[in-house]
Amino acid sequence: MGWTEERTRSALDRLAALSLIRPSPDGGPGCPVDPELGLNSLLISQEAEVLESQRRIGASRLAVTRMLADLRASGEGGAAEVQKLQGLGMIQSKIEHLANTCTTEVAAFVPGGGQNERHLEAARPLDLAVTGRGVRLRYIFLDSARNSQPTRKYMEWLGERGALVRTVPRLPPRMLIYDRSTAIVPVDPGAADQGVLVLHGTGAVAALLTLFETNWQAARPLGQPAVTADDPLPPQERVVLELLTQGLTDDAIARQLGVSVRTTRRITAELMQRLGARSRFEAGALAASRGWVRP
């Protein structure tokens with residue numbers, strides 16, 4: 001094959017790690033395992049990895065749910081560090097107060113893809129006041145927000161006024177953090193009428209800051225291209241593959257990416273065709289075996 005010895009040994013080591021070759025009785029480089037047995041074993045191993053990943057995700061989701069339940073109970077009990085607000089007027093008044101009194105930084109998750117143009121216009125005066133006082137403003141939008149012209153113009157407008165704007169393929173629920181000490185999060189991300197929790201200097205704020213910084217480091221500045229020579233797979237397609245391996249439905253994937261179900265199905269179909277996969281799970285397994293996503 002014209003390969004170097006180093007490349008050949010590396011390939012043999014990889015095949016051995018995948019149990020596709022076994023030690024040779026005569027001490028040679030190895031004997032191939034029957035393809036049907038070897039590939040079935042490989043798929044079983046990958047299925048086990050996916051199940052373990054789903055178990056970890058489920059455990060993390062349960063821990064977050066319990067934390068929010070504890071915070072909700074604390075807020076209902078009148079604890080000083082947790083305040084529960086209901087009603088759009090009360091929530092908007094709290095946000096305006098925090099925006100007008102913060103002194104160092106505002107950090108925010110903005111999920112949902114393209115934003116309502118009327119809401120964007122209403123947010124401009126607050127953003128202008130914050131940046132005008134020299135307060136650092138960091139916003140993380142979804143990548144899909146770049147395809148909304150009003151939202152894209154709003155993000156560019158923020159950048160022109162010194163705000164830092166980045167995007168990621170998917171985001172946790174909406175969140176605002178003021179001066180690294182006060183956070184606003186939804187009581188139930190799936191039910192807007194349940195109101196919000198305002199957290200003051202609690203351990204939960206520190207955890208939310210860590211979550212924000214993790215997403216910030218992974219996010220892409222507004223002017224940076226989605227695809228690089230080192231990573232030709234667009235971030236949105238990579239996330240779709242990861243969510244496919246977790247068994248999420250098209251509806252659930254669309255909500256996380258802030259796109260339509262039709263767009264999700266189109267991306268999924270294109271990925272399956274590119275991978276030569278006959279099922280969604282097989283697409284995830286093949287993508288993991290090619291190193292496109294983490295198993």
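**Exercise 1. How closely do the axes of helix H7 (residues 235–245) and H8 come, and at roughly what angle do they cross?**

Before we start, a word on the model: it is predicted, local features need pLDDT of at least 70, side-chain atom pairs count only at pLDDT 80 or more, and totals for chains, interfaces and linings use all residues. Residues are numbered from 1 along each chain as its sequence is written, and side-chain values use heavy atoms, with hydrogens and water left out.

Step 1. The H7 and H8 axes come within 11 Å and cross at roughly 140°. Axes are lines fitted to C-alpha atoms, for helices over the stretch in contact, with angles from 0 to 180 degrees between N-to-C directions. Helices are DSSP runs (H or I, at least four residues) numbered from the N terminus.

Step 2. H7 and H8 are therefore oblique to each other; angles under 35 degrees count as roughly parallel, over 145 as roughly antiparallel, 65 to 115 as roughly perpendicular and the rest as oblique.

Step 3. The crossing is right-handed, that is, the near helix is turned clockwise from the far one by less than a right angle.

Step 4. Now find the contact (heavy atoms within 4.5 Å): Gln236, Val239, Val240, Leu243 and Leu244 of H7 meet Ile253, Gln256 and Leu257 of H8. These residues divide into 6 nonpolar, 2 polar and no charged. Here Ala, Val, Leu, Ile, Met, Phe, Trp, Tyr, Cys and Pro count as nonpolar, Asp, Glu, Lys and Arg as charged, and the others, Gly among them, as polar.

**Exercise 2. Describe how helix H8 (residues 250–257) is set against helix H9 (residues 261–275).**

Step 1. Their axes come within 8 Å and cross at roughly 105°.

Step 2. That angle makes H8 roughly perpendicular to H9.

Step 3. On the H8 side, look for Asp250, Asp251, Ile253 and Ala254; on the H9 side, for Val261, Thr264, Arg265 and Thr268.

Step 4. Sorted by class, this contact of H8 with H9 holds 3 nonpolar, 2 polar and 3 charged residues.

**Exercise 3. Work out the arrangement of helix H3 (residues 88–101) and helix H4 (residues 117–132).**

Step 1. The axes of H3 and H4 come within 9 Å, crossing at roughly 20°.

Step 2. H3 and H4 are therefore roughly parallel to each other.

Step 3. Their crossing is left-handed, with the near helix turned anticlockwise from the far one by less than a right angle.

Step 4. Gln92, Ile95, Glu96, Ala99 and Asn100 in H3 touch Leu126, Ala129 and Val130 in H4. The class count for this contact is 5 nonpolar, 2 polar and 1 charged.

Note on methods. Helix = DSSP H or I, 4+ residues; strand = E, 2+ residues; numbered from the N terminus.
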